[in-house]
Amino acid sequence: MIESLTDHFARIDANPYAWPFDGEWSPGDTALLLLGFQSGIVRGLAAEAERDVAIRLIEAARRRGLAIIASRRGQDREGGAIARRRAALGDEVSTKGSLDWQFDDGISLPATAIVIDHAGDNAFFGTGLEDILRRRTIRNLLVTGLPTDGLVHATQRAANDMGFECLTVIDACKGTSAARHDAQLRITTFGNGLFGAIASAAAVETALGNHQE
């Protein structure tokens, strides 16, 4: 059952500022963004713990009526410029339709979830994601995904440039190494939130449970 869509939530205890910057977020203007929770990536990064946190957030978002958007990164079977470059650098990108490209078995999306597919790290490029968000009057993004030093950071930087207010949920993301994960979070918060803010899933869940009329 979806709770009231007119509620406004309390600000999230985030770093470097209480999120969102102006205190305005509600079910009608906020989306949970799930990037790359695909079988091959979850297995390759041993990101089962981060996936489980994302599963909790999916349920919280569904219960409170937030939009849920999930992305899959994959290359066409015939390849392409991005795939050739990735292969040369030793970075495997799953082929569309393969088992590794599918969402992880633990990720159960509601029927209303929006799914987008993209070849590169930036989930906005060539997908129409910006138009999807604008049409739904969404301005706030709760960002989760794999890896932090790839899909998460590239997508959040793009979203920031488009004027979306972004929050990285730090324990629902994992990097290709702990050092790279931490480095991307530092870049996000650099300059008093150059690319947004960061917070734990617990802080997000607390705010979702403490709405303001």
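Analyst: A pocket here is an open set of grid points where a 1.4 Å probe fits, with protein on both sides within 12 Å along at least five of seven lines. The model is a predicted one.

Start with the space itself. The largest pocket holds about 470 Å³. It is lined by 20 residues. Closest to its centre are Ile-41, Arg-73, Asp-91, Glu-92 and Val-93.

Which elements give two or more residues to this lining? They are helix 1 (39-45) and helix 5. Helix 1 gives the most, with four residues. By residue type, the lining of the largest pocket divides into eight charged, eight polar and four nonpolar.

Now set the second largest pocket beside it. Its space is about 170 Å³. Twelve residues line the second largest pocket, and Gly-65, Leu-66, Ala-67, Ile-68 and Thr-112 are the closest to its centre. Helix 2 (48-64) and strand 3 (67-73) are the elements that give two or more residues to that lining. Here the lining divides into eight nonpolar, two polar and two charged residues.

Next, the aromatic rings. The whole structure has three aromatic pairs. One of them joins Trp-19 and Trp-25, edge-to-face, at 5.4 Å centre to centre with 70° between the planes. Trp-19 has 0% relative accessibility, so it counts as buried, the cut-off being under 20%. Trp-25 is also at 0%, and therefore counts as buried.

Another pair is Phe-124 with Phe-164. These rings are stacked, 6.1 Å centre to centre, with 25° between the planes. The pair links distant parts of the chain, 40 residues apart. Phe-124 sits in the loop between strand 4 (114-118) and helix 4 (129-135). Phe-164 sits in the loop between helix 5 (148-161) and strand 6 (165-173).

Ring pairs link Trp-19 and Trp-25 with Phe-9 into a cluster. Ser-26 lies in the loop between strand 1 (8-9) and strand 2 (30-35). At 7% relative accessibility, Ser-26 counts as buried. Apart from neighbours within four places in sequence, Ser-26 is in contact with Asp-7, His-8 and Phe-9.

Methods. Residues numbered from 1 in each chain as written. Predicted model: local features only at pLDDT ≥ 70, side-chain atom pairs only at ≥ 80, totals over all residues. Heavy atoms only, no water. Phe/Tyr/Trp six-rings, centres within 6.5 Å; stacked < 30°, edge-to-face > 60°. Buried < 20%, exposed > 50% of the residue type's maximum accessible area, 1.4 Å probe, protein only. Contact = heavy atoms within 4.5 Å. 1 Å grid on protein atoms, 1.4 Å probe; cavity = no way out; pocket = protein on both sides within 12 Å on 5 of 7 lines; lining within 4 Å. Points joined across faces, edges and corners; volume = space filled by probe spheres on them. Nonpolar A, V, L, I, M, F, W, Y, C, P; charged D, E, K, R; others polar.
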